[in-house]
Each structure stands twice: as structure tokens, then as C-alpha cells.
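Dear colleague,

I am handing over the structure below for your attention. Please read the notes that follow it alongside the sequence and the model.

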Amino acid sequence: MPISFIKTEKQERLYKLVSELAERFNERAAEYDETGEFPLLNIEELRNTGYTSLSVPKEYGGKEGLSLYDLVLLQERLAVGDGSTALSIGWHLGATMDLFDKKRWKEEKRSFYAKEVLQGALYNRAATEPQTGSPTRGGKPQTTAKKEGDKWVLSGRKSFTTMSPVLDYFGVIASIDGTDQIGEFLVKRSKPGVMIEETWNTISMRGTGSHDLVLTNVVLEEDDLVEMVTPEQKATPNGSLLHIPACYLGIAMAARNYAVKFANEYSPNSLNGPIKTIPNVRRNVGEMEAELLKARHILYAIADKWDKTDDRSQLGSELGLAKYIATNSAISVVDKAMRIVGAKSLQKSNPLQRYYRDVRAGLHNPPMDDMTIAKLADQAFKEMEN
């Protein structure tokens, strides 16, 4: 698109790097989608370029000091190449950013984690469970942590553990046995009793490797309980989740690019030129541009506000709004792209059918639409009461 959100030399340099990666990932995207395999080669390239350690702060040895705005910019571009890869690595980068932003872990544990990530380790939180659904709905984890002497023993099952084939550490959310408390435990993949059960078989985001994590009497050290999960903690806004709408807007951008190129080049013999001259095609293209501009301006403005605001406690609704608008706009953009291209968009060899399936997954990433809208309504009524 003619509108660029690059503002600094650092962003321009990193954007160029990510663009090169995205182009290579795009060449493999159809095959990974077809087979449902995890994109191991893509993740390895991200490691080798240092991309996986970008959100480690400079004070902990990081080289770039990535802002939320930077993260959104880079993740959106990466998703133009391959949505599954972008969403996968986005969870690691985002969780790392959130961990250092909030500083809830002890300093010694944060320093240890930073060193691991700088050496290529990958991390994601494992919170969702088959019995409880999304953790944002408030269900109590069925995974339990029992204290035995000076050790913790974890058992349970987690679903939607994105990037599980290559994760080195899991942030497991578990109920503390015999109490009403919930904690997050740092679990190393190599621990006895840690197993990945390959359950991921969906029509969307097929390459994210979001399998089940199965924990059977996993013994952990006392300090592997890295933080307690309280209602206040859960209510604290998490800006790093903007990697999610950035990903789906990137997929929508890929669909837009394909459709505009198609309209500019496809010339049936019923016309004296390409279909871009047809009023309905031009209307769909214009509406795609409007949707993308609206969603991107909101997304980048809120990311910028997060970076520049000291008190972020009131930004939860705006973060949710950015995700709500981006994911729904992405679905609309891909739909319009397919209307432009026509029945060819349904061919398995056409990338639009993959984009169509992938953007639907955004509706099921947090926060959910109904919770975002309900929160905005609550704020409106509360304002009138005051």
C-alpha cells in the first residue's frame, strides 16, 4: 500500500530483513498448508537472523530494544509471507515482551530467561485447556501443581500450545493443589514427563503446530513457580497481544495484493482490457483499501500510544478494539479479494483460499469479540453514571 508506517531507521532496517524472510516463507507456505507440517525451516531462519531475540530488552543483552510499535510493524510484514509462521513466532516475541514489561518474575529468573532466548530458546505460555476453554473466560485450570518437599509436581493437559514442536520452555498455568491459587510455572521441554501429543488438525493456520502439551508428574524446582496469577494480574492490559491483529492484517494484505495484481492483469476476451476497468471490481478494491487503512491506522496508533504512555492500566479496551477491528476487517478484505478473482479463488492451488481459511482463526484468538464489545458497553454506561 502507498501508506507506510515505518518511522525510524531501525524500523526500516528490520523491515527490510523481515521482508526478505517473508518472501522466502511465502514460497513454502502452500506446501506447509497442504501437508499441515510445522514450518521448521522458517523458524530456523528466524533464529539464525536473531529475529527470535528481538524483544529481549537492551539491559538484558538484547540488541534492538523492540517497542510494541516495532513488533506490530514487523509481524504484519512477516504474515504477508506466511500467517502460520508469523502467528507462531509472534506468541514467543509477545510473551517475552510482556514478561520484561511487567517484571513479575524474580530478577534472577528474568536474567536466566534472557540468556536462554539470546541463545535461541523459544517460549510460549500454555494456558488453554479442553475443559476450561480460553483462560480469558475465567475457568480454573485442571492442570495441578502439588508441593512435595521443596519440589513442585505438575500434571495436566494443555491445548492450543502454539509452536509446540520447537518450544524449549512452556509457561504452564496451573492450580496450586489444596488452595484456590493459580500460578505460572516455567517448564523446560527436556524435563521427564513432558510430552507433545500431535492433535492439531484444523483448516486454519495449519502450520502453527498448536498441539496438546501433556504433563505427567513433572518435577520442578521451587523457583520454577515464576509468578502467581491473581485477578488483578489477569485484568492488567497486555499490549504484546497486538501481534495477533498484526498477523491477520498481514494475511489480508497478501490477499489484497493478489487481487489487485489479478485485476490489473486479467483480461477476458469479453473486455477490451483488464477487469480493473469494471465498476464493481473498482468498488471492491476501494473498499479493501478503506478497510485496511482504517484497521492499520487504529492498530498503529494504539501501539504507539502504549509505547508512550506511563500508566497503561486503562488501555485494555483500546487494545481489544484494535484486535476486533483488525480481525473483522481482515475477513472482509479477503472476502472482497475473492469476489474480485471469482471462482478461481476457490482452487486449491490459489492462495486466496488459504487466506480465507486463515483469517477466520483470528476470531478465536484473545480477546474474543463479545468480550471486547461488552467491555466497551460497560465503559459507556459507567461514564453516564458518573
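The notes below describe helices, strands and a few individual residues.

The model is predicted: local features need pLDDT of at least 70 and side-chain atom pairs count only at pLDDT 80 or more, while totals for chains, interfaces and linings use all residues. Residues are numbered from 1 along each chain as its sequence is written, and side-chain values use heavy atoms, with hydrogens and water left out.

Helices and strands

Helices (H or I, at least four residues) and strands (E, at least two) are DSSP runs, numbered from the N terminus. Helix H7, residues 243–265, has 23 residues and reaches 33 Å from its first C-alpha to its last. This is close to the 33 Å expected, the expected span being 1.5 Å times one less than the number of residues. Of the 23 residues in H7, 17 are buried (under 20% relative accessible area; exposed means over 50%, and partly exposed in between, with a 1.4 Å probe and protein chains only).

Helix H8 (residues 279–308) packs against helix H9 (residues 316–341) at an angle of about 160 degrees, with the axes 9 Å apart. The axes are lines fitted to C-alpha atoms over the stretch in contact, and angles run from 0 to 180 degrees between N-to-C directions. H8 is therefore roughly antiparallel to H9 (over 145 degrees; under 35 counts as roughly parallel, 65 to 115 as roughly perpendicular and the rest as oblique). By class, the contact of H8 with H9 has 16 nonpolar, 3 polar and 7 charged residues; nonpolar covers Ala, Val, Leu, Ile, Met, Phe, Trp, Tyr, Cys and Pro, charged covers Asp, Glu, Lys and Arg, and the others, Gly among them, are polar.

Strand E2 (residues 144–148) runs antiparallel to strand E3 (residues 151–161), joined by 5 bridges; two strands pair if DSSP finds at least two bridges between them. Ala145 stands opposite Leu154 in E3. In the hairpin of E2 and E3, with 2 residues between the strands, Gly149 has a positive phi near 65 degrees. E2 also pairs with strand E4 (residues 169–176), in the parallel sense over 2 bridges, and Thr144 has Ser175 in E4 as its bridge partner.

Individual residues

Phe160, in strand E3, has a positive phi near 55 degrees without being a glycine. Phe160 is exposed, at a relative accessible area of 52%. Met205, in the loop between strands E6 (194–197) and E7 (211–221), has a positive phi of about 45 degrees and is buried at 2% relative accessibility.
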